[in-house]
Amino acid sequence: MIQSRTICATVVLLGATLATAAAPAVAAPPAAPAAATACPTGWGSGDKAAGAATAESVRNVRTGRHDCYDRMVVDVPGAARGDLGYSVRYVDRLHQDGSGRHIPVSGGAVLEVRVTAPAYDPGTGAATYPARVGRPLPGVELTGYRTFRDARFAGSFEGDTQLGLGVRGRLPFRVQQLDGRLVIDVAHTWSGAAR
């Protein structure tokens with residue numbers, strides 16, 4: 001009797017196992033394709049400028065990576081948006097204001113960034129941004145950036161601060177004036193799609 005119960009239980013379990021194994025497998029729904037990031041377009045690569053000036057001083061320059069562009073921010077605390085004048089343009093070679101000295105900048109193209117704010121205290125002449133002419137910008141590390149290749153300090157002369165930004169190629173860029181900072185974004189591509 002124990003033997004027939006064991007046989008019946010084994011047959012029932014075997015039948016349940018076979019039924020489960022024979023059932024058609026249901027495929028998981030296909031994963032949705034990753035949405036492509038739509039990048040802004042229409043920035044162009046022509047010269048961009050705004051005429052204004054501030055006596056507030058440059059205190060820092062920093063950079064950041066984004067899906068569609070690399071960003072440089074020039075911090076000028078206390079300066080109002082409308083007081084931050086600038087000139088940003090592609091140049092064949094970066095030359096220091098005043099001396100005309102060539103400042104080598106690595107990359108396929110060079111953006112000259114001029115901010116109409118001194119990198120020193122106008123009252124004392126003491127530096128407010130600890131950069132040295134011809135040297136990489138302090139605290140700026142560009143390893144892993146898609147567009148930026150180099151960032152150099154060209155000096156601060158007669159109330160203007162001059163920087164050299166080496167980029168991969170002559171790519172579109174935009175400039176934004178915000179309270180206390182000037183923002184320069186350089187696109188990764190001309191196509192308007194993130195890669």
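Predicted model: local features only at pLDDT ≥ 70, side-chain atom pairs only at ≥ 80, totals over all residues.
Gln-96 is placed in the loop that runs between strand E5 (94-95) and strand E6 (102-103). With a relative accessible area of 15%, Gln-96 falls under the 20% limit and is therefore buried. Two polar partners are found for its side chain. The side chain of Ser-99 makes a polar contact with that of Gln-96 at 2.6 Å, and the backbone oxygen of Ala-154 is reached by the side chain of Gln-96 at 3.0 Å. When neighbours within four places in sequence are left aside, the residues in contact with Gln-96 are Arg-101, Ile-103, Val-133, Ala-154, Gly-155 and Gln-162.

Across the whole structure, 4 aromatic pairs are found. In one of them, the ring centres of Tyr-90 and Phe-173 lie 5.6 Å apart with the planes at 75°, so the arrangement is edge-to-face. This pair links distant parts of the chain, since Tyr-90 belongs to strand E4 (residues 86-91) and Phe-173 to strand E10 (residues 173-178), 83 residues apart. Tyr-90 counts as buried at 7% relative accessibility, and Phe-173 is likewise buried, with a relative accessible area of 0%.

A further pair is formed by Tyr-129 and Phe-153, whose ring centres are 6.0 Å apart; their planes stand at 65°, so this pair is also edge-to-face. Here too distant parts of the chain are linked: Tyr-129 lies in the loop between strand E7 (109-115) and strand E8 (148-157), whereas Phe-153 lies in E8, 24 residues apart. Both Tyr-129 and Phe-153 are buried.

Charged side chains are also placed over aromatic rings. Arg-65 lies over the face of Tyr-145, at 5.5 Å from the ring centre. The charged end of Arg-174 sits over the ring of Tyr-69, 5.3 Å from the centre of that ring.

Strand E8, which contains Phe-153, is mostly covered, with 7 of its 10 residues buried. E8 runs antiparallel to strand E9 (residues 160-167), and 8 bridges join the two strands. Within this pairing, Phe-153 stands opposite Leu-163 of E9. The hairpin of E8 and E9 has 2 residues between the strands, and Glu-158 in this hairpin takes a positive phi near 50°.

Definitions and conventions
Residues numbered from 1 in each chain as written. Heavy atoms only, no water. Helix = DSSP H or I, 4+ residues; strand = E, 2+ residues; numbered from the N terminus. Buried < 20%, exposed > 50% of the residue type's maximum accessible area, 1.4 Å probe, protein only. Polar contact = N/O pair within 3.5 Å; in protein donor to acceptor, adjacent residues only side chain to side chain. Contact = heavy atoms within 4.5 Å. Phe/Tyr/Trp six-rings, centres within 6.5 Å; stacked < 30°, edge-to-face > 60°. Lys NZ or Arg CZ within 6 Å of the ring centre and 35° of its normal. Pairing = 2+ DSSP bridges.
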